Amino acid sequence: MTLASGPAMDPNKRKPDIIKADIVAESRLFKVESLHLKFSNGEERVYERMRGGNRGAVMVVPMLDADTLLLIREYAAGTHSYELGFPKGLIDPGEDALTAGNRELMEEAGFGANSLTTLKQVSLAPGYFASKMDILLARDLFPEQRVGDEPEPLEVIPWPLNRIDELLEREDFTESRSISALLLTIKWLAEQEK
């Protein structure tokens, strides 16, 4: 193993060359791609990844007021359970992340936001997925319900900021992106108080 000399990545580090890329499986939603790679030291490996559609996605942390978050409870097919989390969805063609975030907030929580702040862009398992998600903080909310693509109405749950530890301990609040979004929000709010 080579230890890095500091926190910065070597700017001269070359990415592996893609020798061959093939779609090895495909469904209505996903494409699995096989990549034959050659690394700068001559080593070759075959990796598989979910090929992304390059549309991007958003997750919105809505602040009902200075002391209250809004969560949604929705069905998660992957775990066959209902999960607490934040409104989220794909960025539609022609939208930027802020426009998509406001639309998703209206569709899933029944509110729009006069103020949207980008907290961070995150990835999900970058060794396997080529997807990126913008985490947004929504403030100065107003009632606005739009029809979305959810198969059933989503439950909207106000959650007090002073009960964050309780939220993190819940068995139905486990999605890593929602936890990341919550922690980024807490950090941002703390920085605003300085």
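1. Is Lys 20 buried, partly exposed or exposed? Lys 20 is partly exposed, at a relative accessible area of 49%; buried means under 20%, exposed over 50%, and partly exposed in between (1.4 Å probe, protein chains only). Its salt-bridge partner is Asp 22, with the closest N and O atoms 3.5 Å apart. Asp 22 is partly exposed too, at 34%. A salt bridge here is a side-chain nitrogen of Lys or Arg within 4 Å of a carboxyl oxygen of Asp or Glu.

2. On the basis of the values: this is a predicted model, in which local features need pLDDT of at least 70 and side-chain atom pairs count only at pLDDT 80 or more, while totals for chains, interfaces and linings use all residues. Residues are numbered from 1 along each chain as its sequence is written, and side-chain values use heavy atoms, with hydrogens and water left out.

3. The salt-bridge count is 17. Among them is the pair Asp 17 and Arg 14, at 3.4 Å from N to O. Asp 17 has a relative accessible area of 39% and Arg 14 one of 47%, so each is classed as partly exposed.

4. Glu 191 and Lys 187 form a salt bridge at 2.7 Å, N to O. Both belong to helix H3 (residues 176-192) and sit 4 residues apart, about one turn of the helix. Helices (H or I, at least four residues) and strands (E, at least two) are DSSP runs, numbered from the N terminus.

5. Thr 117, in strand E8 (residues 111-123), counts as buried because its relative accessibility is 18%. The side chains of Thr 117 and Arg 139 make a polar contact of 3.4 Å. A polar contact is a pair of N or O atoms within 3.5 Å; within protein, one must be able to donate a hydrogen and the other to accept it, and residues adjacent in sequence count only if both atoms are side-chain atoms.

6. The largest nonpolar core has 23 residues, and Leu 69, Phe 86 and Leu 182 are among those with the most contacts inside it. H3 supplies the largest share, 5 residues. Such a core is a set of buried Ala, Val, Leu, Ile, Met, Phe, Trp, Tyr and Cys residues joined through side-chain atoms within 4.5 Å. A second, separate core of 14 residues includes Ile 91 and Leu 154.
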